[in-house]
Amino acid sequence: MRVNYADEQGRDFLSFPKCDTNDRIYEISARPERGGYVFWIKLIEDEESGIIFSDGTFTAGQRHCTNAVREWLAECEVRKKNPVFHFAADYI
């Protein structure tokens, strides 16, 4: 990301749905820079479990979000608002 997605002006550049109701299931989106392309995640499928997230685009309008994905998205939102980076220490 080339924008500060944690501040007020950049909050819409990285978006995670709440998925707590069917109406609040929508695509995950990221726009790495102002005026740039928007990348959407509209479906996540687990090889063993099946479709664990869908905004309905590729599933005939049927939306779905498992509890595990809902929890993961909530964690993503927390990290978005409070980003932490692992910076290397200086060695002298």
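**View 1. The largest nonpolar core of the predicted model comprises 12 residues.** The members of this core are Y5, L14, F16, C19, I25, I28, A30, F53, C65, V69, L73 and C76. The greatest contribution comes from α1, which gives 3 residues.

View 2. When neighbours within four places in sequence are left aside, F16 is in contact with Y26, I28, L73, C76, E77 and K80.

**View 3. Three strands form an open sheet in the order β4-β5-β6.** The pairing within this sheet is antiparallel. Strands β4 (43-46) and β6 (64-65) are the edge strands, each pairing on one side only. Strand β5, residues 50-54, is joined to β4 by 4 bridges. Opposite I51 of β5 stands E45.

**View 4. F85 and F87 form an aromatic pair.** The structure holds 1 such pair. A pair of aromatic rings is described by the distance of the centres and the angle of the planes. For F85 and F87, the centres lie 6.0 Å apart and the planes are at 45° to each other, an arrangement classed as tilted. Both F85 and F87 are exposed.

**View 5. The charged end of K42 sits over the ring of W40.** The distance from this charged end of K42 to the centre of the W40 ring is 5.5 Å.

Methods:
Residues numbered from 1 in each chain as written. Predicted model: local features only at pLDDT ≥ 70, side-chain atom pairs only at ≥ 80, totals over all residues. Heavy atoms only, no water. Core = buried A, V, L, I, M, F, W, Y, C linked by side-chain atoms within 4.5 Å. Buried < 20%, exposed > 50% of the residue type's maximum accessible area, 1.4 Å probe, protein only. Helix = DSSP H or I, 4+ residues; strand = E, 2+ residues; numbered from the N terminus. Contact = heavy atoms within 4.5 Å. Phe/Tyr/Trp six-rings, centres within 6.5 Å; stacked < 30°, edge-to-face > 60°. Lys NZ or Arg CZ within 6 Å of the ring centre and 35° of its normal. Pairing = 2+ DSSP bridges.
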